[in-house]
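Please look over the sequence and the structure shown here before reading the briefing.

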Amino acid sequence: MDKPTEKPATMPNLNSHDVLIIGSGAAGLSLALRLPPHLSVAVVSKRELQEGNTLYAQGGISAVLNATDSIDAHVQDTLKAGAGLCDEAIVRRVVERGPDSIQWLLDAGVQFTRDDSPASSSGYHLTREGGHTHRRVIHAADATGRAVETTLTDLVRARANVELFEHHAAIDLITERKLGGPGNRVLGAYLLAHRSNQVKAFQARFVVIASGGASKVYLYTSNPDVATGDGIAMGWRAGCRVANMEFMQFHPTCLYHSKAKSFLISEALRGEGAILSLPNGDRFMPRFDARAELAPRDVVARAIDHEIKRTGSKFVHLDISHRPADFIAAHFPTIHARCLELGIDITREPIPVVPAAHYTCGGLLVDAHARTDLPGLYAIGETAYTGLHGANRMASNSLLECLVFAECAAQDIAELASDWATPPAVPAWDASRVVEPDEEVVISHNWEELRRFMWDYVGIVRTNKRLQRAKRRVDLLRQEIIEHYSHFRVETNLLELRNLVEVADLIIQSAQRRRESRGLHYTLDFPQQDPSQLRPTILIPNRYRPRSGDWAARARLD
């Protein structure tokens with residue numbers, strides 16, 4: 001198996017920084033921009049810097065910006081969507097920081113859609129999405145993520161203290177325990193440089209995982225190809241607890257078209273009056289929820305899944321053609337243009353849609369400062385479980401969470417940095433005992449098998465029997481992948497598959513432990529909520545060492 005050598009890495013192979021940020025979405029980039037300029041920062045991205053979930057986020061960012069709205073209303077909407085599993089203190093903390101987070105983006109140069117009418121107290125157009133009782137979603141037309149990501153990318157590229165490493169895939173964290181030390185402080189990470197096919201050692205005083213979610217574990221997803229659960233898997237292998245991995249959110253409306261891969265149809269369409277119907281024109285959402293199309297995503301996704309299975313249809317229709325054509329083109333230019341390219345004029349006809357895996361509500365367990373269980377290791381964004389989302393994420397709370405917890409992590413790192421010791425030089429990666437892969441087909445077959453049985457057995461509707469089948473298959477796959485990883489040189493597809501099988505197992509184990517239906521986890525064997533299970537599902541790795549008090553305080557004394 002590839003592993004570190006016992007000798008320290010030579011300088012050409014060792015990259016040393018104060019802060020190593022793994023991931024370059026809204027969470028990672030806003031953290032890099034908020035860190036003090038005297039700290040040296042490395043930002044790592046698996047593809048191009050801006051390629052990730054943030055870039056494709058269409059809807060917007062929820063924040064209390066309207067005089068008729070309130071912090072309490074946003075908090076209560078979030079708690080209701082989370083089905084009893086949100087951490088109310090965290091929810092309030094995030095919601096209260098919403099307006100300042102939006103102002104920070106405005107100051108950074110993000111161009112949100114204006115509304116200068118007398119009815120707008122904020123000066124910006126605010127839309128309403130599922131679960132929200134007020135219009136509080138600020139947006140940049142229907143491409144908010146692109147506006148945020150491209151703005152932050154430009155700013156980060158101009159920062160003198162930030163070094164960018166694009167096309168680098170994280171392999172594993174380097175910890176004291178892995179090197180035989182007495183503690184388990186994080187020391188850095190090993191990364192695979194795609195273009196040179198070399199593994200590099202990155203040493204850092206602080207490591208922040210901001211690598212996004214794991215929706216590529218499913219056959220159908222709205223996420224880009226990079227969403228393979230890398231950070232969650234790495235943190236788990238290093239000894240971090242994970243929480244609420246059974247709660248995988250399926251977006252109700254992805255475009256159903258043979259030539260469109262993972263194209264999301266924003267929830268904002270439903271917020272602006274779009275109607276869901278069967279191919280024969282029958283509207284069905286009022287039969288499932290009094291809020292109809294504005295019900296939370298889990299309710300809408302299950303309703304669509306039920307109707308597709310009941311009728312044998314391959315899709316349902318989402319229709320906003322009753323709104324004026326100029327309104328549609330102005331508010332949803334990206335969706336309008338993309339559908340036109342595929343022969344669908346959304347100003348005149350409905351859009352065929354299906355549910356798809358969209359967001360990972362669970363992740364690495366962190367505290368209010370974004371600290372994980374490992375000293376020096378933070379997790380922010382979709383990789384983390386903060387307590388904000390509970391059993392279901394309310395629409396447009398995710399980008400807000402990225403911004404708020406990036407700020408929290410930046411403040412914590414800035415306060416600790418002066419007393420935080422530089423780690424010892426980490427060993428170089430040893431590939432002397434591995435060979436080139438001999439059968440790439442093994443990887444592709446295992447990849448397809450994993451995503452297929454996760455979709456079939458651990459999808460929108462689950463049963464005990466389906467979960468048991470999935471568990472047997474994931475155990476077999478893991479053994480094959482470990483054997484492959486142990487004998488052959490690492491490459492990106494293998495690394496991603498290794499992480500996906502780890503995450504799949506965490507999802508299955510978590511789903512088996514929750515013997516009720518709550519939020520995004522729905523099982524036919526336990527269709528009702530059970531008040532005795534009103535708590536997060538926390539999985540503890542074998543290598544976990546409980547924290548005794550504040551690891552930050554202890555580390556300053558070490």
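**Strand pairing and nonpolar cores**

His 17 stands opposite Ala 204 in strand E10. This is a predicted model, in which local features need pLDDT of at least 70 and side-chain atom pairs count only at pLDDT 80 or more, while totals for chains, interfaces and linings use all residues. Residues are numbered from 1 along each chain as its sequence is written, and side-chain values use heavy atoms, with hydrogens and water left out.

- E10 covers residues 198-209 (strands, E, are DSSP runs of at least two residues and helices, H or I, of at least four, numbered from the N terminus).
- Of the 12 residues in E10, 10 are buried (under 20% relative accessible area, with a 1.4 Å probe and protein chains only).
- Strand E2 (residues 14-22) runs parallel to E10, joined by eight bridges; two strands pair if DSSP finds at least two bridges between them.
- Strand E9 (residues 186-193) runs antiparallel to E10 with six bridges, and Tyr 190 stands opposite Ala 201 in E10.
- Four residues separate E9 and E10 in a hairpin, where Asn 197 in the turn has a positive phi of about 60 degrees.
- Strand E17 (residues 377-379) pairs with E10 in the parallel sense over three bridges, and Ala 379 in E17 is the bridge partner of Ile 209.

**Nonpolar cores**

- The largest nonpolar core has 74 residues (a core is a set of buried Ala, Val, Leu, Ile, Met, Phe, Trp, Tyr and Cys residues joined through side-chain atoms within 4.5 Å).
- Helix H15 (residues 492-513) gives the most to this core, with 11 residues.
- Another core, of 58 residues, lies apart from it and includes Cys 402 and Ala 406.

Methods
Buried means under 20% relative accessible area, exposed over 50%, partly exposed in between (1.4 Å probe, protein chains only).
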